[in-house]
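Biologist: I am new to this structure and would like to learn how to read it. Could you take me through some of its features, one by one?

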Amino acid sequence: MRKMRVLIAGATGAIGRPLTRALAREGHEVLALARTEGSARTVRALGATPVRADALDRDGLLRALDGLSADAVVHQLTALKAPKLRLTADDPSNVLRTRGTAHLLNAAGVLGAEKFVTQSLVLGYGYRDHGDRPLTEDDPFGVRAGTVADHVVTGLVEAEERVFAADHVAGTALRYGVFHGPGTWFDPAPGSRPFPVPRGGGGTMAWVHVEDAAEATVAALERGRAGEAYNIVDDRPVTWGARAAAVRRRPLALPAPLLRLAVPYLGCLMLDTHLRASHAKATRELGWTPRHGG
């Protein structure tokens with residue numbers, strides 16, 4: 001595989017950090033957006049070259065990239081540091097999935113990039129009980145349930161559709177499971193705060209470790225097909241309570257009615273949703289398999 005120059009948006013995030021390191025290990029050159037000098041220092045420490053720009057400032061972004069070139073753009077921007085008490089259509093993560101995606105596609109044009117990989121989530125299949133059958137990429141995506149979680153589904157669908165419709169790049173979407181590992185809600189680091197989970201463990205969910213997610217992203221850059229989505233999940237769907245226990249986090253177990261009242265979105269996510277997914281397509285086409293399922 002030829003070595004690439006890759007622009008990453010979200011290089012200092014939970015996936016962005018291991019992704020930057022993984023690309024460097026494979027011999028690729030990484031440019032990384034950095035809004036602040038602190039972020040720029042982190043980017044340099046990861047072995048990448050910072051580009052001082054904000055993905056939500058289209059004109060500033062394009063000015064910062066003027067004269068630069070890249071082979072690919074990776075969109076890993078989110079705002080998922082803590083569960084939201086209230087979720088609205090203009091939630092920061094949704095803005096990054098909609099307006100941010102549009103601006104980064106513009107950036108790909110300025111850079112002359114041929115590939116574009118965007119972060120998506122298996123939650124786009126819908127916040128409901130999907131039963132025991134693992135979902136594949138052939139299952140309906142963008143299913144809404146008439147709840148507050150529809151805002152997330154709408155953002156994911158719009159991001160994917162924008163990328164697939166772009167005619168100047170080969171666009172690929174990675175439908176990650178819920179993230180665990182360093183930098184996530186389920187960070188195993190000592191001193192991490194307890195995370196609220198439903199009493200009894202809640203619904204079963206598809207997960208992926210951030211290191212596995214990073215390796216899948218490298219594989220998608222190298223072998224992903226235009227217009228295709230890939231489920232990026234591990235082989236161990238478990239409940240929220242089991243996931244917290246696996247990383248030795250002391251869960252803050254809440255009764256279901258209290259969880260729904262305190263954070264309605266978490267009620268949809270942890271109580272209403274039972275979701276398993278298959279990574280067979282990613283294994284077959286990208287040559288990727290998860291290694292950090294525990």
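Biologist: Where does Leu68 sit?

Modeller: Leu68 lies in the loop between α3 (58-65) and β4. Helices (H or I, at least four residues) and strands (E, at least two) are DSSP runs, numbered from the N terminus. A word on the source: this is a predicted model, where local features need pLDDT of at least 70, side-chain atom pairs count only at pLDDT 80 or more, and totals for chains, interfaces and linings use all residues. Residues are numbered from 1 along each chain as its sequence is written, and side-chain values use heavy atoms, with hydrogens and water left out.

Biologist: Is Leu68 buried, partly exposed or exposed?

Modeller: Start with the cut-offs. Buried means under 20% relative accessible area, exposed means over 50%, and partly exposed is in between (1.4 Å probe, protein chains only). Leu68 has a relative accessible area of 31%, so it counts as partly exposed.

Biologist: Which residues is Leu68 in contact with, leaving aside its neighbours within four places in sequence?

Modeller: Contact means heavy atoms within 4.5 Å. With those neighbours left aside, Leu68 is in contact with Val51, Val110 and Leu111. Leu68 and Leu111 are 43 residues apart along the chain, yet their C-alpha atoms are separated by 6.0 Å.

Biologist: Now the strand after that loop. Which way do the residues of β4 point?

Modeller: In a regular strand the side chains alternate between the two faces of the sheet. In β4 (residues 72-75), Ala72 and Val74 point one way, while Val73 and His75 point the other way. All are buried.

Biologist: Which strands does β4 run parallel to?

Modeller: Two strands pair if DSSP finds at least two bridges between them. Strand β1 (residues 5-9) is parallel to β4, joined by four bridges. There, Leu7 has Val73 as its bridge partner. Strand β5 (residues 115-121) is also parallel to β4, again with four bridges. Val74 is partnered with Val117 in β5.

Biologist: On to helices. Where does α4 bend?

Modeller: The bend at a residue is the angle between axes fitted to the seven residues ending there and the seven starting there. Helix α4 (residues 92-111) bends by about 40° at Gly100. After α4 comes Gly112, with a positive phi near 75°.

Biologist: Why is α4 called largely enclosed?

Modeller: Of its 20 residues, 15 are buried, so α4 is largely enclosed by the rest of the structure. Arg97 is found in this helix. Arg97 counts as buried, at 5% relative accessibility. Not counting residues up to four places away in sequence, Arg97 touches His75, Leu121, Val152, Gly155, Leu156 and Ala159.

Biologist: What about Thr217: buried or exposed?

Modeller: Thr217 is buried, with a relative accessible area of 0%. Its place is in helix α6 (residues 210-223). An α-helix has 3.6 residues a turn, so residues three or four places apart point the same way. The Thr217 side chain reaches the backbone oxygen of Ala213 at 2.7 Å. Beyond its neighbours within four places in sequence, Thr217 contacts Leu19, Val74, Gln76, Val117, Leu174 and Tyr176.

Biologist: Which residues touch the most other members of the largest nonpolar core?

Modeller: In soluble globular proteins, nonpolar side chains tend to be buried together. A nonpolar core is a set of buried Ala, Val, Leu, Ile, Met, Phe, Trp, Tyr and Cys residues joined through side-chain atoms within 4.5 Å. The largest one has 67 residues, and Tyr127, Tyr176, Ile232, Trp240 and Leu269 touch the most other members. Helix α6 gives the most to this core, with eight residues. A second, separate core has 24 residues, including Leu31 and Leu65.

Biologist: And Ile232: which residue is its bridge partner?

Modeller: The partner is Tyr176. Strand β6 (residues 170-176) runs parallel to β11, with five bridges. In β11 (residues 228-232), five of its five residues are buried.

Biologist: Last, how many aromatic pairs are there?

Modeller: Rings of Phe, Tyr and Trp (its six-membered ring) pair if their centres lie within 6.5 Å; planes under 30 degrees apart count as stacked, over 60 as edge-to-face and the rest as tilted. A search of the whole structure finds six pairs. One of them, Trp207 with Trp240, is edge-to-face, at 4.9 Å centre to centre and 70° between the planes. Trp207 is in strand β10 (residues 207-209) and Trp240 in helix α7 (residues 240-246), 33 residues apart.

Definitions and conventions: Polar contact = N/O pair within 3.5 Å; in protein donor to acceptor, adjacent residues only side chain to side chain.
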